[in-house]
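Subject: Handing over a structure, with notes

Dear colleague,

Please look through the sequence and the model first, and then go on to the notes below.

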Amino acid sequence: VRAGIASRPALALWPRRLGESLMRRGRAAEAAAGFSDAFVRQGGEPADLAQAAAALEASGDLTAAAEVWSKVPRGVWRTRRAWQSSRVRALLPLLPAEEAGAAIDDYLRLHPDDADVRGQAVEAWARAGREPRALALIEPLARGPERARWLRREAELAGRVGDTPRATRALRSLVGMSRARTEEHWRLVNLLLDAGEVNAARSMARGADLRVDSCSEDLLRALVRLGDVTSLIDAVGRRPASCGRQAEWQDRAVGAAVASERHTEALAFLEPLASRPGASLARRLSYGQLLLWSGRAPEACLVLEPIASSSTPPVEALDALADAYRATARPVDAWHVARRLVGERETSDRRRLALAEIALEADAPRAALDIAEDVGRRAAGSTSQAGSDAELRQAAEVMAGRALLVGSDPFAAWQRLAAVVKASSPPPAHRALLEATAAVRGVRAALELASEWKVETTGDVDRLARLAAWALLVGERS
């Protein structure tokens, strides 16, 4: 061939033969040069230019190939299917240019069975952000030999454009073929929940694996929505620490467990996280609260004390620490913390009355009385007609009476308690009124009052013991 070129340099024949030889040996870039050379020599044809463009496309130089194809007459490149497909592949990187899109659509109308070009076109449109154009081409692929691959892509693209029914259908097909990945299984569960198909979602979830290799959040979102706290904790625990938003999901898992009162599970999950050096304030606070709620009050004190001693401690930390001290029979320490909560805006009036209870236990009746009267005034001044306001006023009056009784003013206590305490009142109210009645009107009057309430059926051991002692006292005197 090279000898022919040397002997007849003006002719296109020999550069053309060189190009054909180089193509057979897989040297496409060099072949393109040969065909281009043939085109400009004597006897050169537009077909040589088409061969050059096809060789450039085969070599991977799509930009150069597209430029050369643009110079090849339509009547030439349409004569061979190989040239048509080469031209289209060269145009793919030019999407979403309308001219390139029209050329690809024309080709696929002529050759709908060209899965290679169709697949490349789908991906090119997707890269260009034109998912609807990609989805318009994908359906034949989703029915072909690579069905699973293209169903997966269809579900992904449909999800991007919010075509939930199409994404659901594609994922259901994958599941039906047993080709769905675990994260796709859980994505389908979420889509079914979005569509209100709760029973179908639960059925799908029962057969799904909790071990997701990727950092997909579909599994976690589905478990939250299904209320499966145990599986959520398990799934979050398995998830790699390097996954995005992992700390947020850890906190959500704890929150979900706490919300469903699964304190033991929440504590087991949170304990190693909150015990690490540098653990966040929020995690240490949650850890202390969970220790308290799980009956581990002494440990809760150790966790909550450093938080409560800061210059601006969270109200929740003070609240929990007060209860932890109370649970460990440290009423004075509990009141020392609790009194910091009385004036806080976040503290509800019902919680203030509970703090007054702590004041009584710490032998601070004056503080308890002040709290009760303040709560009572606010409840009395409320414009709401809700029964809860009336209940709050009554609870405040009971607390005021109890505070007066502890503060050695039994007559004032009796006056206030007798006006509000009924048979349906809680045991502390009964005990206080009985004590005040005994102090003001005598033990027999207290026993008569107790008999009206049928107090012996309530199971209040303290009251029963006091009444038994009084009965003996009365019996001795009679």
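Ala 329 counts as exposed, at 65% relative accessibility, where exposed means over 50% relative accessible area, buried means under 20%, and partly exposed lies in between, all with a 1.4 Å probe and protein chains only. Ala 329 sits in the loop between α21 (315-327) and α22 (331-338), and although it is not a glycine, it has a positive phi of about 60°. Most residues other than glycine have a negative phi. Glu 261 also has a positive phi of about 60° without being a glycine; it is found in the loop between α17 and α18 (263-274), and with a relative accessibility of 65% it counts as exposed.

Before going further, please keep in mind that this is a predicted model, in which local features need pLDDT of at least 70 and side-chain atom pairs count only at pLDDT 80 or more, while totals for chains, interfaces and linings use all residues. Residues are numbered from 1 along each chain as its sequence is written, and side-chain values use heavy atoms, with hydrogens and water left out. The helix names follow DSSP runs (H or I, at least four residues), numbered from the N terminus.

**The disulfide**

How many disulfides does a search of the whole structure find? The search finds one, a disulfide being a pair of cysteine sulfur atoms within 2.5 Å. It is formed by Cys 215 and Cys 243, whose sulfur atoms are 1.9 Å apart. The pair links distant parts of the chain, 28 residues apart, with Cys 215 in the loop between α14 (198-206) and α15 (218-226) and Cys 243 in the loop between α16 (229-238) and α17 (246-259). The torsion about the S-S bond of Cys 215 and Cys 243 is about -75°, so the disulfide is left-handed. Cys 215 is partly exposed, with a relative accessible area of 36%, whereas Cys 243 is buried, with a relative accessible area of 5%.

**Two helix pairs**

Two packed helices are described by the angle between their axes and the distance between the axes. The axes here are lines fitted to C-alpha atoms over the stretch in contact, and the angles run from 0 to 180 degrees between N-to-C directions.

Helix α2 (residues 13-24) packs with helix α3 (residues 28-40) at an angle of about 165°, and their axes are 7 Å apart. The two helices are therefore roughly antiparallel to each other, a term for angles over 145 degrees. On the side of α2, the contact (heavy atoms within 4.5 Å) is made by Pro 15, Arg 16, Gly 19, Glu 20, Leu 22 and Met 23, and α3 brings residues including Ala 28, Phe 35 and Ala 38.

The axes of α9 and helix α11 (residues 147-160) come within 12 Å and cross at roughly 25°. That makes α9 roughly parallel to α11, a term for angles under 35 degrees. The contact is made by Gly 119, Val 122, Glu 123 and Ala 126 of α9 together with Trp 150, Arg 153, Leu 157 and Arg 160 of α11.

**Buried helices and residues**

Helix α7 (residues 81-91) is mostly covered, with nine of its 11 residues buried. Among the buried residues of α7 are Trp 83, Val 88 and Leu 91, and the helices against which the buried residues pack are α4 (46-59), α5 (62-69), α6 (74-77), α8 (98-110) and α9 (115-127).

In helix α20 (residues 297-308), the buried residues are Ala 297, Ala 300, Cys 301, Val 303, Leu 304, Ile 307 and Ala 308, and what covers them includes α19 (281-293) and α21. Cys 301 counts as buried at 2% relative accessibility.

Val 337 lies in helix α22 and is buried, with a relative accessible area of 4%. Leaving aside its neighbours within four places in sequence, Val 337 is in contact with Leu 318, Leu 321, Ala 322 and Tyr 325. From C-alpha to C-alpha, Val 337 and Leu 355 are 9.7 Å apart in space, and they are 18 residues apart in sequence.

With best regards

Key:
Parallel < 35°, antiparallel > 145°, perpendicular 65-115°, else oblique.
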